[in-house]
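Here are my notes on the model you sent.

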Amino acid sequence: MKIHIKRINEDFQMEAVNEEGNTIMMDGSPSIGGANLGMRPMQLLLAAIGGCSAIDVIHILKKQRQDITSFSVEVDGMSEPVEDYSLYRNITVLFRIKGNVDVKKAQKAAQLSFEKYCSVSKTLEHTANIEFKVSVE
């Protein structure tokens, strides 16, 4: 797996491109001269854990023939300075699911994602306490 990152402007805006040609914009925070023209790398980590676990949960529920009409994820991360960098210490992932979905199956799917399948959460669990919540309507 390769990602190519290209600087876009004279400050910190960059474009990341994967091998399939999909892109994502990144930028630094205004406090260091960025212009909020893309997500900051630490924000991308939260997006990655949300996306990774969402794919798992949706995949598991689809296999169980659960009828999902709406699905969203909210990720909240609390970081802590360590020397000259920061680490996420607490991450909470909230799944909001609508449809004809069994609550117990949705909770089990989320649990399986974090305990077994989500590579991003397995990477981050060494430094962060990761919790999840499931809301089914």
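Buried means under 20% relative accessible area, exposed means over 50%, and partly exposed lies in between. Glu-125 sits at 35% relative accessibility, so Glu-125 counts as partly exposed. Keep in mind that this is a predicted model.

1. Overall layout. The chain has three helices and six strands. Along the sequence they follow the pattern β-β-β-α-β-β-α-α-β. The C-alpha trace spans about 50 × 35 × 25 Å along its principal axes. Of the 137 residues in the chain, 28% are buried. Take the contacts between residues at least 6 apart in sequence: 48% of them join residues at least 24 apart.

2. Salt bridges, the count. How many salt bridges does a search of the whole structure find? The search finds three. Side chains of opposite charge can pair when their charged atoms come close.

3. Lys-122 and Glu-125. The side chains of Lys-122 and Glu-125 meet in a salt bridge, at 3.2 Å from N to O. Lys-122 has a relative accessible area of 29%, so Lys-122 is partly exposed.

4. Arg-96 and Glu-74. This salt bridge joins the two side chains at 3.6 Å, N to O. The pair links distant parts of the chain. Arg-96 lies in strand 5 (residues 85-100), and Glu-74 lies in strand 4 (residues 67-82). The two residues are 22 residues apart. Are they buried or partly exposed? Arg-96 is partly exposed because its relative accessibility is 41%. Glu-74 is partly exposed because its relative accessibility is 46%.

5. Arg-89 and Glu-80. Here the side chains meet in a salt bridge at 3.3 Å, N to O. Arg-89 has a relative accessible area of 29%, so Arg-89 is partly exposed. Glu-80 has 37%, so Glu-80 is partly exposed.

6. Cysteines. The structure holds zero disulfides. Cys-52 has a relative accessible area of 18% and is therefore buried. Cys-118 is at 0% relative accessibility, so Cys-118 is buried too.

7. Hairpin. Strand 2 (residues 14-18) pairs with strand 3 (residues 23-26) in the antiparallel sense, over four bridges. Glu-15 stands opposite Met-25 in strand 3. The two strands form a hairpin with four residues between them. Which residue in the turn has a positive phi? Gly-21 does, at about 95 degrees.

8. Ser-29 is found in the loop between strand 3 and helix 1. Ser-29 counts as buried because its relative accessibility is 16%. Leaving out residues up to four places away in sequence, Ser-29 touches Gly-34 and Arg-40.

9. Nonpolar core. The largest nonpolar core has 18 residues. Which members touch the most other members? They are Val-57, Leu-61, Ile-91, Phe-95, Ile-97, Ala-106 and Val-134. The elements that give two or more residues to this core are helix 1 (41-63), strand 5 and helix 2 (103-117).

10. Ile-91 up close. Ile-91 is one of the core members listed above. Not counting residues up to four places away in sequence, its contacts include Leu-46, Ile-49, Val-75, Leu-124, Ala-128 and Ile-130. Ile-91 also touches Asp-76, Gly-77, Asn-129 and Glu-131.

11. Ser-53 in helix 1. Ser-53 has its place in helix 1. Is Ser-53 buried or exposed? Ser-53 counts as buried because its relative accessibility is 0%. A polar atom of the Ser-53 side chain lies 3.3 Å from the backbone oxygen of Gly-50. Leaving aside neighbours within four places in sequence, Ser-53 is in contact with Val-93, Phe-95, Ser-113, Phe-114 and Cys-118. Phe-95 is among the core members that touch the most others, and Cys-118 is buried at 0% relative accessibility.

Definitions and conventions
Residues numbered from 1 in each chain as written. Predicted model: local features only at pLDDT ≥ 70, side-chain atom pairs only at ≥ 80, totals over all residues. Heavy atoms only, no water. Disulfide = S-S within 2.5 Å. Buried < 20%, exposed > 50% of the residue type's maximum accessible area, 1.4 Å probe, protein only. Salt bridge = Lys/Arg side-chain N within 4 Å of Asp/Glu carboxyl O. Pairing = 2+ DSSP bridges. Core = buried A, V, L, I, M, F, W, Y, C linked by side-chain atoms within 4.5 Å. Contact = heavy atoms within 4.5 Å. Polar contact = N/O pair within 3.5 Å; in protein donor to acceptor, adjacent residues only side chain to side chain.
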